[in-house]
Amino acid sequence: MTAPVSHPALDPMMRTPLPAAPSMAYLKPLVADHPKIEAGDFTYIHSFEDPERFADHVKYAFDFIEDKLVIGKFCSIAHGASFVLNGGNHFADRLSSYPFSIFGAWGEPDPGPWPNKGGITIGHDVWIGWDAVIMPGVTVGPGAIIAAKSVVTADVEPYTIVGGNPARPIRKRLPEADIERLLELKWWDWPVETIQAASDALMKADVDALERFTIT
Ligand SMILES: CC(C)(COP(=O)(O)OP(=O)(O)OC[C@H]1O[C@@H](n2cnc3c(N)ncnc32)[C@H](O)[C@@H]1OP(=O)(O)O)[C@@H](O)C(=O)NCCC(=O)NCCS
């Protein structure tokens with residue numbers, strides 16, 4: 001294995017991993033103090049406006065509601081991708097979906113429970129395309145790709161490309177046997193220097209080459 005090379009972008013808490021492109025930012029430092037958002041190491045976002053305002057894309061996130069957006073490591077999140085939490089849910093199984101009880105004028109506050117599908121979990125190494133929308137309660141498996149402009153309403157299997165509204169599987173990214181091995185290898189949890197050494201293998205479709213990094 002070659003000796004690790006030091007580089008500022010190996011610090012997941014740095015803001016701008018590519019100084020020439022300040023529109024790209026590692027997400028972890030931007031949401032470090034956010035009560036509703038967690039981001040894993042090296043996940044980055046791109047924004048044509050302001051990456052610092054990522055939290056504006058996490059919609060209906062209210063402190064008094066139990067849900068969270070949890071994003072894994074090494075994800076790529078395109079401009080405009082947004083995540084809908086449960087603060088916007090209305091009752092759909094009543095005579096009216098209008099939230100009478102919140103205004104005070106129409107009677108007592110409704111003690112609930114209000115509809116809550118749970119938080120959103122994005123696995124490691126997920127690519128979320130431009131303007132995609134991820135709905136509450138969705139879990140996106142590791143290695144998945146969300147096509148541009150998709151609306152994801154259901155869980156996404158690992159290493160699956162989904163697209164459309166509602167998003168449906170388009171295809172698997174890799175053969176099933178490779179997917180199983182990748183899910184075992186969990187390369188995203190390796191030490192940074194091992195991932196650095198393995199990056200050539202990660203940029204090919206050769207699981208054997210990646211697996212060699214687990215043999216000491
Ligand atoms: C999902 C994506 C990766 C698929 O790319 P691809 O593997 O080259 O796939 P193809 O273009 O061959 O399309 C495969 C199928 O998916 C469909 N598809 C592609 N993009 C789609 C989208 N955004 N929504 C719905 N369906 C889509 C195609 O219509 C095609 O369907 P068909 O087989 O019925 O004809 C790509 O379309 C995409 O959305 N990339 C995201 C780009 C982006 O947002 N980048 C932001 C910068 S990070």
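## Strands, core and domains

Q: How do you know that strand β8 (residues 120–122) and β11 pair?
A: Two bridges join β8 to β11, and the strands run parallel. Pairing requires at least two bridges, so β8 and β11 meet the requirement. Threonine 121 stands opposite threonine 139 in β11. Do keep in mind that this is a predicted model.

Q: Why do β2 (37–39) and β11 (139–140) stand at the edges?
A: Start with the strand order, β2-β5-β8-β11, in an open sheet of four strands with parallel pairing. β2 and β11 each have a single partner strand, so one side of each is left without a neighbour in the sheet.

Q: What makes β14 and strand β15 (residues 168–172) a pair, and in which sense do they run?
A: Four bridges link β14 and β15 in the antiparallel sense. The requirement is at least two bridges, so β14 and β15 pair as well.

Q: Which strand pairs with β14 in the parallel sense?
A: That is strand β12 (residues 145–146), over two bridges. Here isoleucine 145 has isoleucine 161 in β14 as its bridge partner.

Q: Which residues of β14 (residues 160–163) are on the covered face, and which on the uncovered one?
A: Thr160 and Val162 are on the covered face, while Ile161 and Gly163 are on the uncovered one. In a regular strand, side chains alternate between the two faces of the sheet.

Q: How do you know that leucine 27 is in contact with Phe54?
A: Contact calls for C-beta atoms within 7 Å. Beyond its neighbours within four places in sequence, leucine 27 has a contact list that includes Ala39, Tyr44, Phe54 and Ile71. Phe54 is on that list, so its C-beta atom lies within 7 Å of that of leucine 27. Leu27 is also among the residues with the most contacts inside the largest nonpolar core, which has 43 residues. At least three residues of this core come from each of domain 1 (10–173) and domain 2 (174–216).

Q: How many residues of each domain take part in the contact between domain 1 and domain 2?
A: There are 12 from domain 1 and seven from domain 2. The C-alpha centres of the two domains lie 27 Å apart.

Q: Which residues come nearest to the ligand?
A: Of the 14 around it, these are Ala78, Gly129, Trp130, Ala147 and Gly163. The shell divides into seven nonpolar, six polar and one charged.

Definitions and conventions
Residues numbered from 1 in each chain as written. Predicted model: local features only at pLDDT ≥ 70, side-chain atom pairs only at ≥ 80, totals over all residues. Near = placed C-beta within 6 Å. Nonpolar A, V, L, I, M, F, W, Y, C, P; charged D, E, K, R; others polar. Core = buried A, V, L, I, M, F, W, Y, C linked by C-beta atoms within 7 Å. Buried ≥ 20, exposed ≤ 12 C-beta atoms within 10 Å, placed from the backbone. Domains from an automatic or database assignment. Contact = placed C-beta atoms within 7 Å.
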